[in-house]
Amino acid sequence: MSKSSVSSSVIKRLPRYYRFLGDLCRKGYTRISSRELSEKMGFTASQIRQDLNCFGGFGQQGYGYNVKELHKAIGDILGVNAENKLIMIGAGNLGSAIASHIDFRKKGFKLIGIFDSDPEKCGQEIAGVKVTDVAEIRRFCVANKPICAVLCIPKNSAQYVANSLVDLGVKAFWNFSHYDLKMEHESIIVENVHLGDSLMTLAYGLNNQ
Ligand code: NAI
């Protein structure tokens, strides 16, 4: 199956496989059957086989999956070793929390710059990266060529900032700004993240028990 024909729901499950398999590696598992994996992850065994078959399948009849190899293979598919250069815009409460608590390097990214428009925030250090005045962003992007941006700014400036960053070569956005970005170029990748949506899914569960 070509990469472009893999469904988005399969792609959304890949990080979960990667996380579970990483845990299994740390616990000393060397191999696991799709049945055991399904019991641990809450997917059916056939779902797991179907998902992994999209990438060529990895198990062997009667053996199951080699945990370390499968973990590495899924990591390679996700691109977790890629070190994509990433910048963050907005060093407020959310931006600071994300920069401090997300291990970008383990997920395929390297945080190379944090920008804010508030002079009081500029010069502070978060996760070992100095917060720079957003007025410097053009010069920084030309020199360092970040490919991805995390937006932790108010929604009224999100689209304008994103468009400006596309002009500076940014190709992907992890957008927390409570505004669903609309990009003109199809090639620009956007992940709009709304933590509240996850919470409302929980509300739905309680409401429909
Ligand atoms: P905050 O007010 O603490 O931080 C926002 C920061 O962005 C400030 O430091 C401000 O100076 C900076 N800023 C504003 N416009 C800018 C621009 N054009 N360029 C550079 N920096 C700029 O706010 P907080 O709590 O960090 O939230 C940030 C955004 O994230 C808000 O829009 C909030 O609604 C949203 N949010 C989204 C969540 C989600 O699940 N998606 C969860 C929580 C907050």
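Author: A pocket is found on a 1 Å grid over the protein atoms alone: an open set of points with protein on both sides within 12 Å along at least five of seven lines. Its lining residues have an atom within 4 Å of a point. This is a predicted model, where local features need pLDDT of at least 70 and side-chain atom pairs count only at pLDDT 80 or more, while totals for chains, interfaces and linings use all residues. Residues are numbered from 1 along each chain as its sequence is written, and side-chain values use heavy atoms, with hydrogens and water left out.

Reader: Which residues lie nearest the centre of the second largest pocket?

Author: They are Ser34, Arg49, Gly59, Gln60 and Gln61, out of 13 lining residues. A volume is the space filled by probe spheres set on the points, and grid points are joined across faces, edges and corners. Here the second largest pocket holds about 230 Å³.

Reader: How do the residues of its lining divide?

Author: Ala, Val, Leu, Ile, Met, Phe, Trp, Tyr, Cys and Pro count as nonpolar, Asp, Glu, Lys and Arg as charged, and the others, Gly among them, as polar. The second largest pocket has three nonpolar, nine polar and one charged.

Reader: Is Ser34 buried or exposed?

Author: Buried means under 20% relative accessible area, exposed over 50%, partly exposed in between (1.4 Å probe, protein chains only). Ser34 counts as buried because its relative accessibility is 11%.

Reader: With which side chain does Ser34 make a polar contact?

Author: A polar contact is a pair of N or O atoms within 3.5 Å; within protein, one must be able to donate a hydrogen and the other to accept it, and residues adjacent in sequence count only if both atoms are side-chain atoms. The partner of Ser34 is the side chain of Arg49, at 3.0 Å.

Reader: What is the volume of the largest pocket?

Author: About 1,600 Å³. It has 36 lining residues, and the closest to its centre are Pro15, Leu78, Lys107, Phe109 and Glu191.

Reader: Where does the largest pocket lie?

Author: Domain bounds come from an automatic or database domain assignment. The largest pocket lies between domain 1 (3–77) and domain 2 (84–197), because both give residues to its lining.

Reader: How do the residues of that lining divide?

Author: The lining of the largest pocket has 19 nonpolar, seven polar and 10 charged residues.

Reader: Why does His194 count as buried?

Author: His194 has 18% relative accessibility, so it counts as buried. The side chain of His194 also makes a polar contact with that of Asp180, at 2.7 Å.

Methods
On a 1 Å grid over the protein atoms alone, a cavity is a set of points where a 1.4 Å probe fits but cannot get out, and a pocket is an open set with protein on both sides within 12 Å along at least five of seven lines; lining residues have an atom within 4 Å of a point.
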